[in-house]
Amino acid sequence: MAFRSSTRWRFRQPSVIPGFGLALGVTLTWLTLIVLIPLSGLIWRSSGLGWSNFMSLVLDERTVNALTISFGTAFIAAVVNLFFGVVLAWVLVRYRFPGKRVIDAMVDLPFALPTAVAGIALTALYAPNGWIGSILEPLGIKIAFTPAGIVVALVFVGLPFVVRTVQPVMEEIDKEVEEAAATLGANRYQTISRVLLPGLLPAGLTGFALAFARGVGEYGSVIFIAGNLPYVSEIAPLLIIIRLEEFNYPAATAIATVMLFLSFIMLLVINSIQSWSRRRYSNGA
Amino acid sequence: MALDTSSAPAAAPSKLVKAATSETRIARLTLIAVALGFVALFLLLPLATVFIEAFRKGPVEFATALRDPETFSAIRLTLIVAVIAVPLNLVFGVAAAWAIAKFEFKGKAFLTTLIDLPFSVSPVISGLVFVLLFGANSALGPFLQKYGIHILFAVPGLVLATVFVTFPFVARELIPLMQEQGTSDEEAALSLGATGWQTFWHVTLPNIKWGLLYGVLLCNARAMGEFGAVSVVSGHIRGQTNTMPLQVEILYNEYNFVAAFAVAAVLALLALVTLVLKTALELRYSDEIAASRRH
């Protein structure tokens, strides 16, 4: 009897804490009203287009170009952020230097600074008459109003994701692991590349994926610096807005649905990296 | 004997170990230089640019730009939207954290994923969904028009888009914190005869107050600075539906750079205040905030 009742399916475990119904009710209501209904509205509108119509909207040349630019620049920016983010996290965790605490706090600036502000500031810096742009111009390098400008904006926006996912894992690394490697005859380079970096791989990949996902959807910081030339430096979120302003709701809906679908896949990838790393690295802990 | 570090035989091996588990001085300095150079180029320089451009023509021009009635109404609208959106997500965040952290139920992991969903949606799509829901050619459109209810291109639309974008902030800060605190404090209060509300106000809330403040801080920064989502639903009616970030865009596109950067400087100042408060909370109340344990 006791066995039967303990294996019976129940929605929740019994608890003396009150308020479950109220709390879950508020949560589900708010979630449904704000997130689920609006998002399913998008899916519903998109499914109303019909498959062939939907595909022709998505495979439109300008749309394909915009999606390629969004994903391509976000990928490059995430690679840049992975490299510099790991270096920055390493320096913040391992070394002591003046102003370290301020630098550590500043890493979160892209989270706190409104994207439009970042956008106009980066444009002012990298435009041909800006501080950095005027240095690069004689060298024949153009950043602002080219796809390179999009990458610069996305590097700014994505940096904290890599640093903040790698940093805590780096802090947890046991000094004894390095000592063991050194005792066994590894030189410093071997210890770092064969012992330390593989342990940071899951965190690095998670940070990379988060920065990439954020970069794909980013709008505010990009539109000022991009130049927004169709087929060259026009990102997908901007094309959605252009289609909306043309009252071309089917095209806007179709592009948004593709982006939503791809970001769900990204979310899935991030979750599986995290559960893979939990299985692989925290079993013995 | 082993503790006597001043003796020569003990000091020698420890110096050897240090050399084997740290980088050479040149490697260290190079890495620090690369990291600091990157931070200076991508974080400090853009921030400095905002203030330099805002004061390019002196403090008088700066002040004049901010006294413009349209800018003034943008500041007012940003405050209105944040004052409505943040408390809504605060109540939701506390309710969600209470349900998820204090109880075990089926589908909890799925619910947590759904709450995080708005973070992985492009801001433009966050605005678009409300245009599709309430726009003139939507199912609700004719009904809203008939009764003269304005959602898009008005404050309700701006609030909805902002609530969507800032949806997970408070919840995702409180859930790990409350999970770690467990339920024993609440059980003790209840067994001593406190009602559910008394337990919440006098036991749970004091335990989570700093974490809650941390979540609200981040939520507010995003609410005031959101650009993409509100840009889609705002309609850009001058002096009426432009928030501060939208006003920055309009002024910038009109080549009114000093004014654009003046409004941007106010927003950058807000970001700096947010960072200072956030860092202070992390240093002072590190064990009462979930986020600092992730760092």
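Predicted model: local features only at pLDDT ≥ 70, side-chain atom pairs only at ≥ 80, totals over all residues.

Two residues count as in contact here if their C-beta atoms, placed from the backbone, lie within 7 Å. By that rule, 75 residues of chain A are in contact with 76 residues of chain B. On chain A's side, helix α2 (residues 20-47) gives the most, with 14 residues; helices are DSSP runs of H or I, at least four residues, numbered from the N terminus. Sorted by class, chain A's side has 56 nonpolar, 11 polar and eight charged residues (Ala, Val, Leu, Ile, Met, Phe, Trp, Tyr, Cys and Pro are nonpolar, Asp, Glu, Lys and Arg charged, and the others, Gly among them, polar).

Residues are numbered from 1 along each chain as its sequence is written, while chains are lettered from A and ligands numbered from 1 in the order in which they are written.

Now for a helix pair in chain B. The axes of α4(B) (residues 69-102) and α9(B) (residues 169-181) come within 8 Å and cross at roughly 30°, with axes being lines fitted to C-alpha atoms over the stretch in contact and angles running from 0 to 180 degrees between N-to-C directions. So α4(B) is roughly parallel to α9(B), a label for angles under 35 degrees. Among the residues meeting there are F92(B) and A96(B) of α4(B) and L174(B) and M178(B) of α9(B). By class, that contact has 13 nonpolar, three polar and one charged residues.

Notes
Helix = DSSP H or I, 4+ residues; strand = E, 2+ residues; numbered from the N terminus. Parallel < 35°, antiparallel > 145°, perpendicular 65-115°, else oblique.
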